[in-house]
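Here is a short briefing to read alongside the model. Take a look at the chain first, and then we can walk through a few of its packing details together.

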Amino acid sequence: MCMFHRREMAGLNRDHNKRTARTNGSESAVDPPVLRISQLDALELDSALEQLLWTQFTQCFQNCRPGLLTPVEPELKVLLYLLLWRFTLYSSNATIGQSLLSLRYQSTSSSSPHYRPLFPRQKFCLAILTAGPRWLQERSYRLLPCLALSPRGAVSESDGGLLQQSLRKALTLVSGLAKFATFVNFLVFLRSGRHPVLPERIAGAQAVFSKPNVVRDVTYQYMNRELLWHGFAEFLIFLLPLVNLRKLKAAVLLHVLGRKDSEEEGTREGKDVWKNCGLCGEWPTMPHTVGCQHVFCYYCIKSHSIADAYLTCPKCGAEAGTPNVVKMDMRVVGR
């Protein structure tokens, strides 16, 4: 009986292992789809890297004549992009942003169930379709005068103006159609989750995971914490201007130190109180008082009273009234 039980358990284990192997094989044959947010993040990282590279490149010429790179700026941007393309997409089938997110391109023109790297023509197509429209958009305003020339030289003013206007309309139409196609492609991407940009769809390149079983786990814990702190900061920014900090500070000091101590301090200052401004601490210029025994510079007390309608004396906490000129008796002492 025990022998039969052991054989039955061994048979069940073999069947379970076969089913597990078949399941794992079927799952490995079908790659998990790449999240849309991962593909968009890769594009943003690539754009930030290109901008950083351009900034570092322009800093090399910061001591040269201003505007030195302006005439050839579109061409230099294309060269920098091609430099990045040569050492990233061309060599490893992935951009910098995709490499950081464990992604890479594969070809959609092949029917093989395994990973299909991009063909060289697809890589060149991606580079041309990405860098070409950028260069044409930045350089089109200078191409129009050049295209308005006949083989024999400059055309007449009327014909040249008509030709330039026609070319400008043609470029505007082409640009509008390209933007509309980009918009439609993005709507299709939001629905299908493939090809976020139009050059990828035209070249037949699709983003897949470069490592098996790499699925991005989207957690909202960090987002909730950031939203909480941003909301708290905005609340403080709204609340702090409504609080009279000077009056609050004077009230706290008055209750902590005691009214008697404040009166003793005022008595101890005595007649020397007019020597220092209650706000800036310097010798008072055009001394004024606000109803208490302390003296302030005219510009200090005036600016603070304009900024705070409920200004209080920072020394004693008394409510500040209208600034009045301090009347002082001057006496000349002979030698």
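## Around C277

Leaving out neighbours within four places in sequence, C277 is in contact (heavy atoms within 4.5 Å) with E282, P284, V295, F296, C297 and C300. This is a predicted model, where local features need pLDDT of at least 70, side-chain atom pairs count only at pLDDT 80 or more, and totals for chains, interfaces and linings use all residues. Residues are numbered from 1 along each chain as its sequence is written, and side-chain values use heavy atoms, leaving out hydrogens and water.

**More on C277**
- C277 is buried, at 2% relative accessible area (buried means under 20%, with a 1.4 Å probe and protein chains only).
- The loop between α11 (259–269) and β5 (288–289) holds C277; helices (H or I, at least four residues) and strands (E, at least two) are DSSP runs, numbered from the N terminus.
- Between the C-alpha atoms of C277 and H288 there are 9.3 Å, with 11 residues separating the two along the chain.

**Nonpolar cores**
- The largest nonpolar core has 11 residues, including V78, W85, L118 and A203; such a core is a set of buried Ala, Val, Leu, Ile, Met, Phe, Trp, Tyr and Cys residues joined through side-chain atoms within 4.5 Å.
- Both α3 (73–87) and α6 (120–147) supply at least two residues of this core.
- Apart from it lies another core of nine residues, among them F296, C300, L311 and C313.

- L49, E50, L53, W54 and F57 of α2 meet E73, L76, K77, L80, Y81 and L84 of α3.

How values were computed
Buried means under 20% relative accessible area, exposed over 50%, partly exposed in between (1.4 Å probe, protein chains only).
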